[in-house]
Amino acid sequence: MPVEITWWGHATCTIEDSDIRVLTDPLFARRLAHLRRRRGAVPPPEAHRADLALVSHLHADHLHLPSLGSLAPGTRLLVPRGALRAVPGLRRLRQLRIAEVSPGDQTMVGDLVVRAVPARHDGRRLPVGPHRSPALGYVVEGEARTYFAGDTGLFDDMAKEVGPVDVALLPVGGWGPYLGEGHLDAGRAAQALARLAPRSAVPVHYGTYWPIGMDAVRPHEFHTPGDEFVRIAAQLAPSVAVHRLGHGERVRPEVAR
């Protein structure tokens, strides 16, 4: 079966490769603290099905305990090393098979190899708690090599640390009017794309959640990052096929044979 990518919104994607379903940063909430889902329906039950779930870092919009709790018993879950100490609620998810990983660690799931890679992002569980865990990306390798960046800033050794990939799932925005340090906007994501040089890319982490009561504050930061990424990527990485998906849409990207 060809590799298939579904974007459910924010950083949540399903990667189907080698008959294995991999779910990234599951977030199925209509509302999270001061954020509400402004675009796209809450993902359906199909989105909760996974053989393996990946958590890139400890921020609540990426490590969301209620969403993780909705996964089926026996689902494997990879989290950054130190997460079980920093987020005690993870220990109550006894139905999941949780493993902590660090950059360079590899995990076998069926015919897939999942490799944790570095990210440049604050790994703390904010806004409270002193414990740190490394922010991660992941490379899922089977029929294709798919890079899920999580949240990250641009860094010099990105291409070396990630390695050759066929598909890149790159964050291009955020959930508020301003992006802090350790994030990619559309322009920086296009620069990352030029460095990574995959065959295909899917922009994620934009156009889903927005602070309650701030709909009129810098609305372009909510609406435009996907289109901006497509436009700038065409200039900086013209050989990459960019697939801007709607919520719940899927694509079978071209991969090397």
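Reader: At what angle do the axes of α4 and α6 cross?
Author: Roughly 40°, and the axes come within 8 Å. Axes here are lines fitted to C-alpha atoms, over the stretch in contact for helices, with angles from 0 to 180 degrees between N-to-C directions. The helices are DSSP runs (H or I, at least four residues), numbered from the N terminus. Mind you, this is a predicted model: local features need pLDDT of at least 70, side-chain atom pairs pLDDT 80 or more, while totals for chains, interfaces and linings use all residues. Numbering starts from 1 along each chain, and side-chain values use heavy atoms, without hydrogens or water.

Reader: What makes α4 oblique to α6?
Author: Under 35 degrees would be roughly parallel, over 145 roughly antiparallel and 65 to 115 roughly perpendicular, the rest being oblique. The axes of α4 and α6 cross at roughly 40°, so α4 is oblique to α6.

Reader: Which residues make the contact?
Author: From α4, Ala186, Gly187, Ala189, Ala190, Gln191, Leu193 and Ala194; from α6, Pro225, Glu228, Phe229, Ile232, Ala233 and Leu236. Contact means heavy atoms within 4.5 Å.

Reader: How much space lies in the second largest pocket?
Author: About 200 Å³, counted as space filled by probe spheres set on grid points joined across faces, edges and corners. A pocket is an open set of points on a 1 Å grid over the protein atoms alone where a 1.4 Å probe fits, with protein on both sides within 12 Å along at least five of seven lines; lining residues have an atom within 4 Å of a point. Of the 17 lining residues, Val172, Leu179, Asp185, Ala186 and Glu221 are the closest to the centre.

Reader: Which helix supplies the largest share of that lining?
Author: α4, with three residues. Helices α4 (186-196), α5 (220-223) and α6 (225-236) each supply at least two.
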